[in-house]
Amino acid sequence: MSVTRREFVWTAGAAAAALAFQRGQDIFWTPPQLPDAGWDPGIESRLTSTCLLCPARCGLQGRTVDGRLVRIAGNRLHPMSKGGVCARGVAGVQMLYHPERIATPLQRIGPRGSGQWEAVEPEAALTLLADRLAALRDAGRPEGLALLAGYCAGTMQDLWRQFLATYGSPNYIADDYPDGTEQIAALMHGIPRRPAYDLEQSDLILSFGAPLFESWWSPVQAFAGFARPGDESGERPRLIQVDTRFSKTAARAHTWVGVRPQTHAVLALGIAYVLIRDQLYDVDFVARHVNGFEDFRDASGRLHEGYLSRVVRHYRPEEVSASTGVPIETITSLARALAASRRSVVIAGSDVMLSPNGLLAGLAVHSLNVLMGRINRPGGIAFGDDPPLAPVGPSRHVRLPRIGTMPPFGPGDPALEFATAVGRGEGPAVEALLLYYANPLASSTHPERWRDALDRIPFVVSLSPFMDETTQHVDLVLPDLLPYERWQDAPAPASYPYPVWGVTQPLVEPPPGGIHTGNAMLAVAARLGGAVAAGLPYEDFTVLLKARARGLFEARRGMILGDEFERTHHRQMEERGWWLPEHEEFEPFWDDLVQRGGWTDLLRDYTDPDRLAQTPSGKVELLPAELLRALAVDGGGRQPYVDVAGLPLEGDDAFPLRLLPYRVSTLASGTLALEPWLAEQPDILQHVPWVPWVEVHPDTARSFGLDDGTLVWVSSARGRYQARCKHYRGTAPGHVNAPYGLRHPDGALASPLQLLDGSADPLTGLLSWSSTFVRLERA
Amino acid sequence: MSPVARVLTSLRLAVTGLALAWHVTAPASWAQESPRITGDPIAGRRMFVERGCVDCHSIWGNGGTLGPDFALVGAGRSLQQLAGLFWNHTPRMIETVRRRGVAWPTFTADELADFISYVYYVKLFDEPGSPELGERWFREMRCRECHSLGGVGAAVGPALDSYARYPAPIRLAQGMWNSGPAMRARLAARGVPLPVFLGREVADLQAYIRQASSLGSRDLRFLEPPDPNAGRRLFVTKSCVVCHGADGHGSEKGPPLHEITQRRRVSEIAGLIWNHSGAMATALEREGLALPRFTGTEMADVIAFLYYLRYYETGGDAREGERLFEAKGCARCHARDGSPSVGPDLSQSDAASTLLGLAAAMWDHAPAMYDLIQTQRIEWPRFEGDEMRNLSIYLQRLSQQKRAGQ
């Protein structure tokens with residue numbers, strides 16, 4: 001029975017009147033028969049776990065009543081999230097009970113995409129998968145197996161890699177979040193690892209286009225750095241956001257510096273100019289630990305212009321101001337703020353890296369950290385450690401090339417490269433594809449290439465627990481359990497300056513017939529036998545997790561998650577060189593670890609030279625030789641610290657507005673329509689619930705006759721989608737800011753990425769998100 | 001079982017041992033041999049958090065700020081003095097606890113032993129030294145004339161880079177000790193004076209070595225907390241007792257070590273040991289003994305033992321204790337002869353038969369005593385210096401006499 005609003009108001013009014021009439025009489029709010037209705041108070045329990053909905057991997061505490069998850073809160077013992085949890089984490093309850101969830105395996109019985117499925121028993125589904133893989137291997141074509149995997153750092157990723165390696169396939173295709181910072185670290189420091197940012201100890205965070213509070217690696221890490229109390233001098237940490245739009249991060253920052261698209265690095269080098277001109281940089285650090293600052297000769301005797309000469313020659317504040325739109329006084333004040341700070345850190349964000357010159361721009365921004373000596377220093381850039389887990393199994397290497405081409409300094413978009421090659425019939429034939437938390441028909445910039453690729457692959461399996469766009473076109477669905485039903489581990493992202501190994505444990509019972517993907521693949525490995533079974537000799541995924549945790553137990557360092565006092569105490573003990581053993585046996589250690597939510601080791605070693613640079617010279621290379629070689633061969637004349645701005649593109653009459661896609665904090669990665677709690681708060685600044693929108697400066701919108709809230713087509717040369725036009729003064733005139741990952745209430749995707757013109761940084765292969773022009777038309 | 005497990009088990013079990021030792025030993029023999037060290041410092045650390053002590057107190061500045069930092073107040077005080085210290089601050093704590101509306105934390109004798117052991121134990125762990133000072137000491141002690149560090153220096157002795165994987169300076173001190181005879185010979189041959197350490201210079205040197213070392217990809221090695229009971233055994237097996245006597249009380253050949261180690265931390269004690277290593281070697285040679293070598297955590301264990309000498313300091317003056325019983329006003333409420341009194345007759349109290357039992361009973365009943373004292377307008381009795389020890393011994397003797405009479 002449905003009750004209309006009018007009926008509800010009338011009923012409530014009548015009840016109030018009745019109560020008033022009965023005043024003085026006995027009222028029994030709990031009639032005696034209520035227990036018979038089955039409304040007894042439920043049995044409550046609380047368990048710790050770790051959130052798997054974004055890379056931040058925050059600590060959780062789930063509250064269940066009678067076995068149903070009713071609330072998700074934060075685990076206060078987690079060293080970074082400290083009891084905090086974002087809206088997305090809280091809304092996990094609605095994901096768990098989502099009506100579109102697939103609980104049991106499905107086998108396609110009609111044509112692909114017809115939506116005709118037949119439920120199959122898990123055992124039958126596993127047999128089907130194992131038989132197909134066994135046949136492929138036995139036919140001598142193991143390289144015909146490929147896995148497309150979304151972000152799954154930790155033991156699931158290691159399990160997949162071990163499975164593929166022992167099976168004989170090189171095709172682990174990552175479909176996650178490459179951001180290019182790993183390549184910067186590899187080139188300048190010789191450390192092929194994404195840098196970590198010690199925001200908790202920084203007194204000045206200078207962010208170049210990093211969406212710290214929205215969709216960065218860990219928004220809670222940004223909050224932990226930003227919202228903490230001041231230091232002993234009472235100074236609170238300052239955040240300066242250099243951004244093309246007045247974003248949520250910009251709104252929270254102490255200072256927002258608006259900058260033209262693709263000129264972030266120009267501003268960075270303008271700041272470097274002032275630091276050098278006024279001798280405000282760390283002269284001692286540069287002299288002792290940096291190569292390439294002064295002009296130098298390479299091994300062949302050729303003279304190269306050094307960083308100093310390049311900056312001084314090209315980035316006078318007047319020129320920088322003209323290019324970026326940032327006033328000269330602001331450039332100078334930014335340099336002085338950096339110089340006055342004792343613990344600054346500079347972050348190159350996606351706006352920098354996802355541009356046609358992303359790698360060179362990223363190098364330029366990061367060079368500020370080098371100039372200020374902020375590498376492996378408290379509050380600066382760090383290169384963290386992985387938790388000392390025991391290996392999954394003996395390591396193996398498959399001597400075969402992966403499908404798809406690779407750019408010189410980065411993976412580019414391996415998923416798109418793979419789809420393109422398969423769609424064109426290039427490389428070895430792919431005969432089986434597994435999809436693990438990947439939905440390329442929705443998330444790819446080129447879904448049409450994925451359609452072509454899928455058409456050529458005879459056996460496609462989705463492990464998605466939701467019937468997303470790609471899952472609709474597979475042959476077998478073997479749905480994973482949801483994060484609140486399964487065991488998993490959850491290592492913190494590389495942006496953390498210390499390792500955290502979170503544990504995810506079931507908060508509720510899984511549905512009948514549901515099967516954990518980890519367990520499924522271990523079962524398939526056992527059925528395949530041979531090297532695969534020998535490489536994964538685990539009864540189930542929990543046994544594997546425990547086996548890995550023995551590495552933590554035997555490391556004789558670190559701690560099981562604890563409160564603030566315990567964290568500090570353990571760190572202080574380790575600083576002094578001592579370690580307090582809390583458990584003599586492994587089982588109590590494991591039980592305590594699960595109960596508290598994980599393990600961490602908070603000590604940072606600021607004296608290890610390998611945490612500064614692992615280059616052949618042992619120094620930070622401002623002008624890495626391999627980069628210079630690559631540019632000399634195929635750089636189109638580009639030079640580091642000279643060609644860092646984007647291409648001077650302007651729109652035309654057909655497509656006059658520059659498109660700037662961005663991720664929102666509630667991003668659902670395109671797999672699932674937002675849960676209601678998230679759909680109602682998609683972005684605090686725009687207040688546009690439930691529907692996708694685009695932000696346009698009011699003057700620009702009016703010039704096209706578009707009122708606030710008008711439904712428009714956003715069109716580029718590649719395609720179009722519908723969104724609401726939101727007047728927003730935080731958008732630069734002539735630009736369209738477009739959130740990515742949203743859907744209409746009917747589930748239709750609104751993806752600005754599918755409008756991108758395909759231009760990319762040739763060095764990293766990363767697509768440019770700011771080179772496409774669009775037009776807006778009333779829908 | 002690991003050394004730490006051994007010490008934890010032995011510490012916990014030894015609570016009873018300590019009580020027993022006090023109970024059965026005649027007053028004249030109290031100073032002869034100390035019992036095994038009592039209390040489990042790791043259990044005490046947990047208690048520090050769970051009982052809410054951390055809300056007001058800190059360790060190394062970590063924790064509350066209302067009360068003193070226990071790592072500072074615990075330094076160099078004996079178990080008895082710490083018990084007295086805790087007692088002295090109860091009125092302020094009672095008021096604070098009541099103001100905050102939280103329950104008064106209570107302790108059994110074992111728990112109090114754990115807790116006090118923790119407060120005492122943490123002082124053993126030095127904060128890292130100063131690399132800037134260490135660089136100066138390294139230069140002034142002319143270390144580079146024999147050792148290389150960061151690729152600079154001579155190769156007479158071993159390169160020091162590998163010590164960078166140890167944040168604690170004890171491994172460096174142990175390495176120096178073991179190389180002592182060779183070092184002394186080579187330094188003498190080269191005309192380089194033997195280094196002499198003052199204060200925390202060993203810790204400073206270690207901090208500098210860590211900073212200047214070229215050792216990359218360091219797999220840091222942390223030491224498990226030293227075991228003073230193992231150190232006590234080593235003190236015998238390494239022949240230290242030959243000169244310093246049982247339990248370090250000294251002999252005609254060597255000084256007592258109680259006072260020397262008081263208020264000093266590991267690196268400072270290690271420096272002192274090094275400074276006297278030449279004389280020690282000579283003395284041992286006279287006895288026909290070789291200078292002992294230390295492996296693993298042995299030197300740390302011995303230093304922990306020396307450090308704990310002051311902790312379980314026994315002995316005391318029962319006569320002074322009796323005077324204190326009167327002077328501090330205990331006699332106003334507590335009888336000693338079975339006669340009726342406001343508080344329990346302490347001659348018949350099991351709790352009073354051990355120091356920790358007495359301290360725990362006093363602590364647990366402090367709020368009631370405080371209220372009573374308030375109504376009678378009596379000043380809260382305070383125990384300074386060795387007063388708690390003397391009072392405890394007096395009460396233990398009362399208890400013994402009572403039992404002997406029965």
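I count two residues as in contact if their C-beta atoms, placed from the backbone, lie within 7 Å. The model I am looking at is predicted.

**Domains of chain A**

I looked up the division of chain A first. Domain 1 covers 44–96, and domain 4 covers 657–778.

Next I checked domain 2 of chain A against domain 4 of chain A. Over C-alpha atoms, their centres are 31 Å apart. I find 10 residues of domain 2 of chain A in contact with 11 residues of domain 4 of chain A. On the domain 2 side, I note four nonpolar, four polar and two charged residues.

**Helix 5 and helix 19 of chain A**

I then took helix 5 (residues 155–167) and helix 19 (residues 517–528) of chain A. The crossing of helix 5 of chain A past helix 19 of chain A is left-handed. Helix 5 contributes Met156(A), Leu159(A) and Phe163(A) to the contact, and helix 19 contributes Gly518(A), Met521(A) and Ala525(A). By class I get five nonpolar, one polar and no charged residues.

**Chain B against chain A**

Last, I looked at the two chains. Here 29 residues of chain B contact 24 residues of chain A. On the chain B side, the elements giving two or more residues are helix 1 (3–24), helix 2 (41–50), strand 2 (62–63) and helix 10 (201–212). I list that side of chain B as 17 nonpolar, seven polar and five charged residues.

Technical notes. Residues numbered from 1 in each chain as written. Chains lettered and ligands numbered in written order. Predicted model: local features only at pLDDT ≥ 70, side-chain atom pairs only at ≥ 80, totals over all residues. Domains from an automatic or database assignment. Nonpolar A, V, L, I, M, F, W, Y, C, P; charged D, E, K, R; others polar. Left-handed = near helix turned anticlockwise from the far one by under 90°. Helix = DSSP H or I, 4+ residues; strand = E, 2+ residues; numbered from the N terminus.
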